[in-house]
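Please look at the sequence and the structure before reading on.

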Amino acid sequence: MTRLFSPYFDPEFDLLSERINGPPCRVTFDNESLEDYTIVKIDCVKKQDQLLEVVQVLTEVNLTISKGYISSDAGWFMDVFHVKDENGKKVSDQRVINSIQQAIGSNRVDRSKITTQTAKLYGTDLHGEPTAIEMTATDRPGLFSEISAALADLHCNIVEAHAWSHNARLACIAYISDQSTNTRIDGHRLATIKHHLNTVLNASNTPENTSLQSPQHKDVKSIGLIGAGDSEGNMTTVERRLHQLLLSAQDFDVPPVQQRACPPGISVGMDSDGEKEAEKANVLIENCAEKGYSIVTVQCKDRRRLMFDTVCTLADMQYVISHASVDSHGGYAFQEYFIRKIDGGALCSESEKQYAMKCLEAAVERRVCEGTRLELCANNRVGLLSDVTRVLREKGLVVLRADLATKMDKCVDITFYVKDIGGNNVDMELVKSMKREMGLIDLAVKNEKVVKSQPAVKPRFSIGDIFKSQIERLSHIVL
C-alpha cells in the first residue's frame with residue numbers, strides 16, 4: 001500500500017509578515033483629546049483609491065467629517081479625521097467603531113457591482129434577485145413619472161429606485177423584478193424593457209428640445225444582478241454610480257434651453273427668491289511645479305457627504321490624491337487636494353484644468369436640492385411609484401431627486417425633492433390636496449434648513465502653504 005505525504009504548512013505562517021512589520025492597517029479612535037469631536041487615525045499600506053475607500057466607509061455609517069489631514073508618501077497612507085455622528089455627537093457606539101475598523105483595509109467586495117439597501121432583504125430562496133437598470137437622459141418635466149408608468153405597464157415591480165436631476169440631465173438607477181413572481185427578469189424580456197424605456201427617454205415635448213439633445217445623454221443599460229444578502233449593501237455605492245452617470249451625461253454644462261426656460265427672477269444657480277446662488281462651489285486649480293502636483297482647492301457651503309462627493313469625482317476622473325486637508329467653519333467648507341494624473345503627471349493644459357474645475361463644481365452642486373422634501377410611506381403594491389409620481393406631475397411639480405426603498409416586501413419608503421414648474425417651493429395647500437388624493441399613503445413635508453454660510457475663510461495652515469514655505473526657504477539657502 002502506497003503512503004502519500006503532503007507538505008506541512010504552519011497556520012501561523014500567513015501572520016509572519018504582520019508580526020514582523022505590524023498590521024497592514026491600524027484604525028484608532030480618540031474621544032479624549034477634543035471636547036466635541038472624535039479623532040479617527042488611520043495608518044496603513046498605501047494602495048490605489050485608499051482615501052476613497054476610507055471616506056466611503058465613514059460616510060456609510062453617517063459620520064460627518066469636519067476636519068481631515070491626509071498624506072500618502074513613501075508607500076504609507078496616514079489619515080486624521082475629526083468626526084461626529086449623525087446626531088452631532090462623538091462616536092461612542094462600539095458597534096460602529098468595530099464596523100469601521102473591520103471595513104477599512106479589509107478585502108471588500110468589488111465596488112463596480114452596485115449593491116443596495118434593499119438587496120439584503122431579498123433571499124434567493126424566496127424571491128430571486130432584482131435586476132438593476134441604469135438610465136441617463138436629457139431631463140424634462142414629468143420624465144421620472146413617465147419612466148415609472150412605463151415600468152408599471154411592462155409588469156415590472158420596482159424594488160428600489162434612485163434618481164438625480166442636475167442641469168437638465170437625469171440619472172436613474174432602478175431595481176426591478178417580475179410583477180407576478182417577484183423574480184429576476186429574463187434576458188429576452190429585459191431587451192423589450194430596455195427598448196421601451198429608450199423610447200420614453202428619447203421622446204421630446206418640443207422640436208427645440210430634440211435639436212438640443214445629444215445621443216450620449218439618452219441611454220438605458222442593464223447592469224446585472226444584485227448580490228442577494230450582500231453585507232456590503234450601501235447607499236454610497238449607488239450614489240457614486242449616480243455621480244458617474246451624470247458626469248458621463250456632461251451635466252457640468254448648462255444647456256441653453258434650461259437658461260431660456262427659467263421664469264423671470266429665477267436663473268440657473270439661484271434660489272427661488274433670486275437673491276443668491278443656491279450652492280455655487282468655488283474651485284481653483286494651480287500647479288506646484290517643484291513638487292509635480294496640481295493643487296485643487298474647493299470652497300463652498302458645508303454639508304454632509306461633501307468630501308465623499310469630491311473625492312469620488314477625482315477618482316472617477318483618474319486623478320491620484322497624494323495629500324489633502326479639509327476644514328469647515330461657520331457652515332463653510334475648505335478642501336485642498338494635491339493630485340497627479342494616474343500616469344504621474346500634473347494637469348498641464350488650461351483645458352484640463354477647466355474641465356476638472358467644472359466637473360468638481362457639478363459634483364458639489366448635484367446632490368444639493370433647494371426644493372421641498374416630501375417623505376411618503378405606504379404598503380407595497382404594484383404600480384405604487386407610478387401612481388404617486390402621476391399625482392405629482394398632475395399637480396405641476398418637478399422631481400429634482402427621488403429615493404425609494406422596499407422593506408420586507410410590505411412597506412415602501414419614498415423621498416422626493418420637488419419644486420413647482422416655475423422653480424418655486426411647494427405651496428402647503430397643494431400638499432394638503434395631494435394628501436387627500438393619495439388616500440392611505442402617509443405624506444410628510446420636511447424643508448431641510450441650510451446653514452447660512454460665512455464668507456470664505458482659508459484655514460490658517462494648509463499643505464500648500466507648507467510646500468511653498470519650504471520651497472522659498474530652500475531658494476534663499478541656494479542664493
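A residue is called buried when its relative accessible area is under 20%, exposed when the area is over 50%, and partly exposed in between, using a 1.4 Å probe and protein chains only. This is a predicted model, in which local features need pLDDT of at least 70 and side-chain atom pairs count only at pLDDT 80 or more, while totals for chains, interfaces and linings use all residues. Residues are numbered from 1 along each chain as its sequence is written, and side-chain values use heavy atoms, with hydrogens and water left out.

**Salt bridges**

Side chains of opposite charge can pair when their charged atoms come close. A salt bridge is counted here when a side-chain nitrogen of Lys or Arg lies within 4 Å of a carboxyl oxygen of Asp or Glu. The whole structure contains 20 salt bridges. The table gives some of them.

| Glu239 | Arg305 | 2.8 Å |

Helices (H or I, at least four residues) and strands (E, at least two) are DSSP runs, numbered from the N terminus. Glu239 is buried, at a relative accessible area of 4%, whereas Arg305 is partly exposed, at 22%.

Asp309 and Arg367 are both buried. Together with Arg303, the residues Glu239, Arg305, Asp309 and Arg367 are linked in a network of salt bridges.

The pair Arg390 and Glu394 sits within one helix, H11 (residues 384-394). The two are four residues apart, and therefore separated by about one helical turn. Arg390 is partly exposed, with a relative accessibility of 31%.

**Helices H11 and H12**

The buried residues of H11 include Leu384, Leu385, Val388 and Val391. Contact means heavy atoms within 4.5 Å. The elements that the buried residues of H11 pack against include helix H4 (143-153), strand E6 (156-166), strand E15 (411-420) and H12. After H11 comes Gly396, which has a positive phi, near 75°.

In helix H12 (residues 428-438), the buried residues are Val431, Ser433, Met434 and Met438. They cover an arc of only 160° around the axis, so they lie on the same side of H12; the arc is that of the directions from the helix axis to the C-beta atoms. The face of H12 turned away from this buried side carries the exposed residues Glu429 and Arg436. Among the elements covering the buried residues of H12 are E13, H11, strand E14 (397-407) and strand E16 (442-446).

What follows H12? Gly439 does, and its phi is positive, near 70°.

Thr297 belongs to strand E10 (residues 293-301). Its relative accessible area is 11%, so Thr297 is buried. Leaving aside residues up to four places away in sequence, Thr297 touches Asn282, Val283, Leu284, Phe334, Gln335 and Glu336.

Cys44 belongs to strand E2 (residues 38-45) and is buried, at 2% relative accessibility. Beyond residues up to four places away in sequence, Cys44 touches Pro24, Cys25, Gln50, Trp76 and Phe77. Cys44 and Trp76 are 32 residues apart along the chain, and their C-alpha atoms are separated by 6.0 Å.

**Nonpolar cores**

A nonpolar core is a set of buried Ala, Val, Leu, Ile, Met, Phe, Trp, Tyr and Cys residues joined through side-chain atoms within 4.5 Å. In the largest core, of 52 residues, Leu51, Phe81, Met307 and Tyr337 touch the most other members. The largest share of this core, seven residues, comes from H9. Apart from it lies another core, of 46 residues, among them Ala137, Ile147, Ala161 and Leu385.
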